[in-house]
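Subject: Structure handover

Hello,

Here is the structure for you to look at. My notes follow below it.

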Amino acid sequence: MNRTPDLATTSRWSPRRWALLLVLCTVLALDGLDVSMVGVALPTIGRELGVSTETLQWVVSGYVLGYGSLLLLGGRLADLLGRRRIFLIALSVFALASILGGVADDPGLLIAARFIKGLAAAFTAPTGFSIITTNFSEGPERNRAISIYSVFGASGYSLGLIVGGLVTGLSWRWTMLFSVPFAVAVLVLGFFFIPRDGRGEQGGHDLAGAVALPAGMLILVYTVVSAPDAGWASIRTIGGFVVAAMILAAFGLIETRAKHPLIRFSILKQGWVARANLAAVALFGSYLSFQFIVTLYLQSVLGWQPLTMALALLPAGLLVVGSAPFADRLIDRFGGPKLIMLGMISLLAGYLLFLRIDTHPSYPLAILPSVILLGGGFALGFPSINVQATSGIRNSEQGLAAGLVQTSTQVGAALVLAVTTALVTTGGETARATPEAMLAAYRPGLLLSVLVAAAGLAIAAVPKRSTVPPATPTPDPEPERQVVG
């Protein structure tokens, strides 16, 4: 069994270990910041580049799809080729893609830059996570590190709302360029503080699976988004669903026969892994779709400026940031499953309360309660899901486990956002509609967030069957944990 760290190891970390954690946390924060910061700028991007709502969602979906489609490959390559090497190369690509997005004048080029940036994040995220799980002992020490790491990701997402509101006032391009100097600085620090690990587990690459998964997901999301325009019963839409289903079924078949699959499906039977992944889909999928609609609602229906909107959502970010010193203690005391349930309850309540909004809402009564509940739900649920998704997994598969939960987060978000966009645009383009008509068009998307959160709560609440004894993590023949400091 894995060694349980003593109190001294858990409570006192060396400056070098803190520096390693800071490097990894900053990159995750940049990932989260990028999604929400660009989300604030969507109405401005739409006006300046002249794109419709269904095209506009691809500025977000391009990133999260690129992010989600290669996360499993990113985690697998980190296990095979060395985590430090993969992390630093991917971070370099992330910075270059940010520059490309900032100078793009064509919507297609902008979406392509966002997709490439997401692909880069697909390698930094699981790699950074597995660097943590192989450098911090399982138990309180790792819970503390993962909690800090997860809160940085959620804090980056929340901070992006404020930064996006500030820089959009100058130009939406700064939402693309803002992360560049931070990425470069972290890249330099990473050379010094990320430990060298060489090659990890020996094996091959599942290239067929790596191609099939993103291809199937891209076709599925594109079909859902374009269905309102083409018609849900049209040959184009039905054909798109059939092709996507065939490719994803082929991916499943490939994974069962590949010598070195991207997904070892049996990992889903261990501990809380399956339910943690489904909870990740519900949490981030519902929230990203909610933010997409709320951004349009506050700016297009109510006429708020980006900064005003960002400040209105600030309390959620403050709750997430303020939870950082306590998240690991709460997980140790109450357990991840209970906190995931509480987080989903809080999110569900926030979405339900927001359904009351109209074209002249009172911020303290109609908007603020939802903002507070959503911030609390994210603060409780996000770190707990990450802990539960990797608990009990051996070191050589930490990259797989980390990539799997982050894939669920991002691909789930892309799918729920695609359905949300389809619901919003089914009634036609809302850009020139009255505020009342726009709000009516947005309500089905808000209701979808309610339903997704309710499904996540139901999944988290189902008792774990006790017919199979809980899996005991199998120690690696040669421990690859490399303690820093």
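Helices are DSSP runs of H or I, at least four residues long, numbered from the N terminus. Axes are lines fitted to C-alpha atoms, for helices over the stretch in contact, and angles run from 0 to 180 degrees between N-to-C directions.

This is a predicted model, in which local features need pLDDT of at least 70 and side-chain atom pairs count only at pLDDT 80 or more, while totals for chains, interfaces and linings use all residues. Residues are numbered from 1 along each chain as its sequence is written, and side-chain values use heavy atoms, leaving out hydrogens and water.

Helix α12 (residues 273-301) and helix α18 (residues 435-461) have axes that come within 9 Å and cross at roughly 165°. The two are therefore roughly antiparallel to each other (angles over 145 degrees count as such). Residues in the contact (heavy atoms within 4.5 Å) include F290 and Y297 of α12 and M438 and Y442 of α18.

The structure also holds 4 salt bridges (a side-chain nitrogen of Lys or Arg within 4 Å of a carboxyl oxygen of Asp or Glu). One of them joins E141 and R17, at 2.7 Å from N to O. E141 lies in helix α7 (residues 140-168) and R17 in helix α2 (residues 15-49), so this pair ties together parts 124 residues apart in sequence. E141 is buried, at a relative accessible area of 0% (buried means under 20%, with a 1.4 Å probe and protein chains only; exposed means over 50%, and partly exposed is in between). R17 is buried as well, at 3%.

Another salt bridge links D34 and K117, at 2.3 Å from N to O. Both residues, D34 and K117, are buried.

Regards

Note on methods
Parallel < 35°, antiparallel > 145°, perpendicular 65-115°, else oblique.
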